[in-house]
Amino acid sequence: MTFLTNLDDKTLKDGAVPTFALSQRGRAGMQLLGAVQKYSSGVLRPIAAENFAADKRGKALSAEHEAAAPGESARDRINAAREVCESDNVYRLERFIQRWVAEENFNRGIPAIEERREKFEAFNAAQGDTELLGTLDLSAQVALPKYYDRVEWHLEPGGWDGYDLYGALFAYGVGPYVFSHGGYAAVGVGDDITKQRANTIRQFPKESYGRIYEPGCGGVSTLKAVNSVFPEAELHGSDLSPLLLKNGQKMASRFGFPVHLKLADAAHDTGEADESYDGVITYALHHELPPKANREMFRELFRIMKPGADIVISDPPPFRAVSMFHAVILDWDTEHREEPFFSAVLHDSLDAMLEEAGFTNVESYAIGQDQYPWVTRAVKPATLAAEAA
């Protein structure tokens with residue numbers, strides 16, 4: 001569930017990007033945040049990791065974490081490792097900067113967008129409904145799940161729908177000046193999240209797909225990546241945020257590809273027909289749902305997928321797949337970046353959830369640094385009867 005964050009793309013239609021930019025003051029504020037975050041994750045964090053590795057208790061916890069049958073639970077190991085980390089001033093400074101940047105993205109970013117509000121509103125209004133491609137269905141009466149309501153994801157004031165120009169904030173502020181450096185949450189230092197999305201889509205095993213569905217599609221960043229790899233595919237998506245869906249259709253139209261978007265709670269009812277999709281993609285979604293909702297969503301996705309269809313998932317790596325120090329870094333997001341289910345999902349197993357829902361050929365692996373993106377993919381059996389035999 002994300003906004004588009006990279007508009008430096010040659011596939012954008014002519015005139016699809018504003019000719020104006022943030023003010024010098026606005027740009028400078030965001031550039032400062034990007035530079036500080038890059039220093040924090042690229043310089044301070046490696047020093048903190050070395051300090052942890054040199055600590056006697058840190059060394060013992062790392063050995064236990066990597067053992068085939070650890071004595072302590074993963075939760076207990078992470079708690080103990082966090083105590084070691086927090087005794088190190090470098091670690092504490094690095095975490096302080098991460099939190100400060102995460103808050104300042106909005107404290108500085110929203111005023112920077114407000115300086116240009118009139119221009120952004122005029123630019124959006126100039127794109128008439130007749131220019132929009134695909135469809136947008138917001139007619140369903142969807143009750144927000146309790147786990148979703150009132151959460152200010154990633155410290156966004158008011159949540160996904162809390163500010164009408166969040167699309168502009170991410171596309172023209174946070175995306176190009178802060179996120180472009182990587183080094184936040186599970187994203188490695190220097191990593192380009194746009195390229196990561198395209199690399200994830202290439203994990204689909206077939207050469208072409210007819211219809212592909214994405215639950216929690218947000219601002220269609222991932223569906224855009226799908227379109228770049230499978231331009232022949234018909235793209236469908238759903239989300240709980242009307243604002244994200246509206247922005248998503250506009251942005252897809254500016255890139256020149258149609259999407260069919262629908263307001264829906266995909267963990268409960270997608271509103272899609274049985275066995276109607278050849279592929280499903282999810283990106284950075286499951287750590288934002290409690291494990292129970294994830295299990296329900298996989299059962300619903302299994303229902304709408306055709307026999308033999310593929311599902312590809314990218315989410316932060318499970319704690320079992322990363323170093324002891326990196327597990328502490330990821331666990332930190334739960335309490336400090338408004339990610340209430342981050343740790344619960346990373347302790348659980350998406351592989352097991354998929355198998356419980358009926359999927360087969362489940363496998364998971366990393367395709368980037370620090371085990372991110374972490375890809376999990378599986379297949380709906382071609383014939384359920386044959387699979388049972």
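Is Arg-377 buried, partly exposed or exposed, and what is its relative accessibility?

A: Arg-377 counts as partly exposed, at 22% relative accessibility, where buried means under 20% relative accessible area, exposed over 50%, and partly exposed in between (1.4 Å probe, protein chains only). This is a predicted model, in which local features need pLDDT of at least 70 and side-chain atom pairs count only at pLDDT 80 or more, while totals for chains, interfaces and linings use all residues. Residues are numbered from 1 along each chain as its sequence is written, and side-chain values use heavy atoms, with hydrogens and water left out.

Arg-377 forms a salt bridge with Glu-363, their closest N and O atoms being 2.6 Å apart; the term requires a side-chain nitrogen of Lys or Arg within 4 Å of a carboxyl oxygen of Asp or Glu. The pair links distant parts of the chain, 14 residues apart, with Arg-377 in strand 10 (residues 374-379) and Glu-363 in strand 9 (residues 360-366). Strands (E, at least two residues) and helices (H or I, at least four) are DSSP runs numbered from the N terminus. Glu-363 is likewise partly exposed, at 33% relative accessibility.

The whole structure holds 20 salt bridges. Among them, Arg-211 pairs with Glu-234, with closest N and O atoms 3.1 Å apart; because Arg-211 lies in strand 4 (residues 211-215) and Glu-234 in strand 5 (residues 234-239), this bridge ties together parts that are 23 residues apart in sequence. Arg-211 is partly exposed, with a relative accessible area of 23%, and Glu-234 is also partly exposed, at 35%.

Another bridge joins Arg-303 to Asp-274, with closest N and O atoms 2.5 Å apart. Arg-303 belongs to helix 11 (residues 291-304) and Asp-274 to the loop between strand 6 (260-263) and strand 7 (277-283), so the pair ties together parts that are 29 residues apart in sequence. Here Arg-303 is partly exposed, with a relative accessible area of 26%, whereas Asp-274 is exposed, at 52%.

Salt bridges also form a network that links Glu-114, Arg-117, Glu-121 and Asp-164. Arg-117 is buried in helix 6, as are Phe-120 and Phe-123; these residues cover an arc of only 135° around the axis, which puts them on the same side of helix 6, the arc being that of the directions from the helix axis to the C-beta atoms. On the other side of helix 6, Glu-118, Ala-125 and Ala-126 are exposed.
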